[in-house]
Amino acid sequence: MESWRRNPLTFWVFALPPSLWLAVFFLAPLALVWMMSFGEKVGLIDIVISWRPDNYLRAMDPLYLQIFLKSFWFAGLTTAVCLVMGFLVAVAITFAPPRRRPLLLLLVMLPFWTNLLIRTYALIAVFRTKGLVNFGLEQMWEWSQSVLQGVGLGDLGLLGPEFEPLQLLYNNFAVVAGLVYVHLPFMVLPLYAALDRMDRSFIEASLDLGAGHIRTFFSVVIPLAMPGIVSGIIITFVPALGSFLTPDLLGGTDSQMIANVIERQFKSANDWPFGAALSFILMYVTFIAIALRSLWAGRARRGSAA
Amino acid sequence: MVRDPHGRPPIISINGVSKSFPGGVQALADISIEVAEGEFFALLGPSGCGKTTLLRILAGFETPSKGDVFIDGRNMSRVAPNHRPVNMVFQSYAVFPHMTVAENVAYGLKVGGGDRSGIPARVEEALELVRLAGYGDRSPQQLSGGQTQRVALARALVKKPRVLLLDEPLSALDAKLREAMQLELVRLQETVGITFVIVTHDQNEALSMADRIAVIEQGRLLQVASPLELYEYPTSRFVADFIGKMNLFEGTNLGCAGGVLSVNVNGLGRMDIPCEDNIEGDVGLAVRPEKMLLYDHRPDDRLAYEAIVDKIAYQGSETRVFLSTGDGINFEVSVRNASRRAAAESASGSVWVAWHPADTLILRD
């Protein structure tokens, strides 16, 4: 970095194009939306920037707060499930034979190669009433029924008069399952990076000192993987919180997340200023979460250096 | 092989251990070693010779493909690392960075369960032992390499293991500190009386610290002996060459008669060497550079050969002189600089290289 300062020309040649790009295509639209959030709708298409916080105050309505809370609940649950599952996957890849690891990592990333919309429709095919899960369960039901029939218990109706498919779609379960499916790779990759970097002799030292595998996992592996865990939580939680497609396609009437409300403001409700305010509230919350995390990380660093 | 004055069974007994890794790499081939209680034992060999694998087998991180390991009289085949009466000091030290020094040392005591009231006192005692008293609250990031190693030592010793395993413990330290730590390790071992098994590729380290040394090369055990025996009486060309410096000569065995072995050495002619038993087949002869002396005339009470000085390397306490004969035989002679005048005088031109026949080693392997 020192050499950049000694050669400002080179620095600007490299720094100017991306800076301009970010300014024109990221900062400018964001500023427009921010201004809009302080505006009000006049007539059908006109918006006047009045610089009044009315839209933000309207967002404090219990109706919207409840949807915010539900979004946090879904995103939090998704992150928790992803953390547990992702840790198992990351540990499995880390301890797989070195030759297999690239293939396993590829399998983790493979879903990214398919469009999210198509993957979500595929989930519908799995979860719907006559979908793969219910089909499999029905087969098992019929098989069990015929076994019972074979031992002479078939007429007792132990398994019910007929197979009843599970309602797996268009409810909160479907939304969280879909979110976990979509976000799991985001959790696995930073966890794998953290575990792969970890010196194996820490684990061996713990075993050598008499700790069992479970104790070693909680006392040594998890604390040392903490940077990866925190990164994984953030890059899973933040996009999960703003999810739109998954609750839209898989959710029922009561599984709306905040992004669905925002989408409605910009489209069917045609209330851009209110939609902009909701977007910015979501963004502020995300910023605060990340700021708290850096504050905590900074304190941990100072703590270990003190 | 084991010299225990009390006639106790060996603390470690390695019986015919072999280890092959997937892919057909043979790391160890039929190794048998016994280590006596309280011994400072070194596994010495070039990198990749299998010595670390053997240490990891003792710790339980690798399982032998063949053979058994007994520690303290118990077969370790089915004993997991966390249940073995051994502790290890890792090459990277593996001091947990997310714990303080005291927490690191206490870790092995806490996982054991049972009474915890005595732990702080034992931790303090262990830190005192490695001269780190008062460092308990520090974080490992604030320690120097040497201090980190002492933490690793304290953490292992506080468990009072029957055997302490050390994997290249000094390789990460600079030369001066390494020398100090060598003495420190010997002092520690004498204080605690625990058997130490150390892996090293540094022959000086092994010679100056260990009671006995096992030399391993390409997975084979070449020789187990005391440092003096290993240096003065190596049994193979590899050991002779690996430990210290050595002038090696190849020759044809002319036969042994009356306690004298006659060898026709390529390029030097017939040499008569005192020998104890009958030796058959071709042999190698070896002489240490410091056993050779330089003369400006031919001495008559020793083996002597005329040679030309090629190169001189002054090294402070000694000067290394490289010579060659007209027949292409090379000598390396080490001259001790016992006085400043001796240091200033350097050999040149044609001189006589001479040594006592009794200082000639006969190598069969």
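## A walk through chain B

Start by selecting helix 2 (residues 101–110) and helix 3 (residues 119–129) of chain B: their axes come within 9 Å and cross at roughly 120°. Keep in mind as you go that this is a predicted model. Angles of 65 to 115 degrees count as roughly perpendicular and those over 145 as roughly antiparallel. Helix 2 of chain B and helix 3 of chain B are therefore oblique to each other. Look down on the pair, and the crossing of helix 2 of chain B and helix 3 of chain B is right-handed.

From helix 2 of chain B, show Val101(B), Ala102(B), Val105(B), Ala106(B), Leu109(B) and Lys110(B); facing them from helix 3 of chain B are Ile119(B), Arg122(B), Val123(B), Ala126(B) and Leu127(B). Colour the contact between helix 2 of chain B and helix 3 of chain B by residue class and you get nine nonpolar, two charged and no polar residues.

**Next stop: the four-stranded sheet**

Select the strands of chain B in the order 2-1-4-5, and you have an open sheet with antiparallel pairing. Its edges are strand 2 (25–35) and strand 5 (74–75) of chain B, each of which pairs on one side only. Zoom in on strand 1 (residues 12–21) of chain B beside strand 2 of chain B: the two are antiparallel, with seven bridges between them. To find a spot along the pair, pick Ser13(B), which sits opposite Glu34(B) of strand 2 of chain B.

**Last stop: the six-stranded sheet**

Hide that region and bring up the strands of chain B in the order 6-7-8-3-9-10, an open sheet with mixed pairing. At the edges, pairing on one side only, are strand 6 (86–89) and strand 10 (220–225) of chain B. Direction ignored, neighbouring strands of this sheet are turned by 20° against each other on average.

Strand 6 of chain B and strand 7 (residues 163–167) of chain B run parallel and share four bridges. Click on Asn87(B) and follow the pairing across to strand 7 of chain B, where its bridge partner is Leu164(B).

Definitions and conventions:
Residues are numbered from 1 along each chain as its sequence is written. Chains are lettered from A and ligands numbered from 1 in the order in which they are written. This is a predicted model: local features need pLDDT of at least 70, side-chain atom pairs count only at pLDDT 80 or more; totals for chains, interfaces and linings use all residues. Side-chain values use heavy atoms; hydrogens and water are left out. Axes are lines fitted to C-alpha atoms, for helices over the stretch in contact, and angles run from 0 to 180 degrees between N-to-C directions. Angles under 35 degrees count as roughly parallel, over 145 as roughly antiparallel, 65 to 115 as roughly perpendicular and the rest as oblique. A crossing is left-handed if the near helix is turned anticlockwise from the far one by less than a right angle, and right-handed if clockwise. Contact means heavy atoms within 4.5 Å. Ala, Val, Leu, Ile, Met, Phe, Trp, Tyr, Cys and Pro count as nonpolar, Asp, Glu, Lys and Arg as charged, and the others, Gly among them, as polar. Two strands pair if DSSP finds at least two bridges between them.
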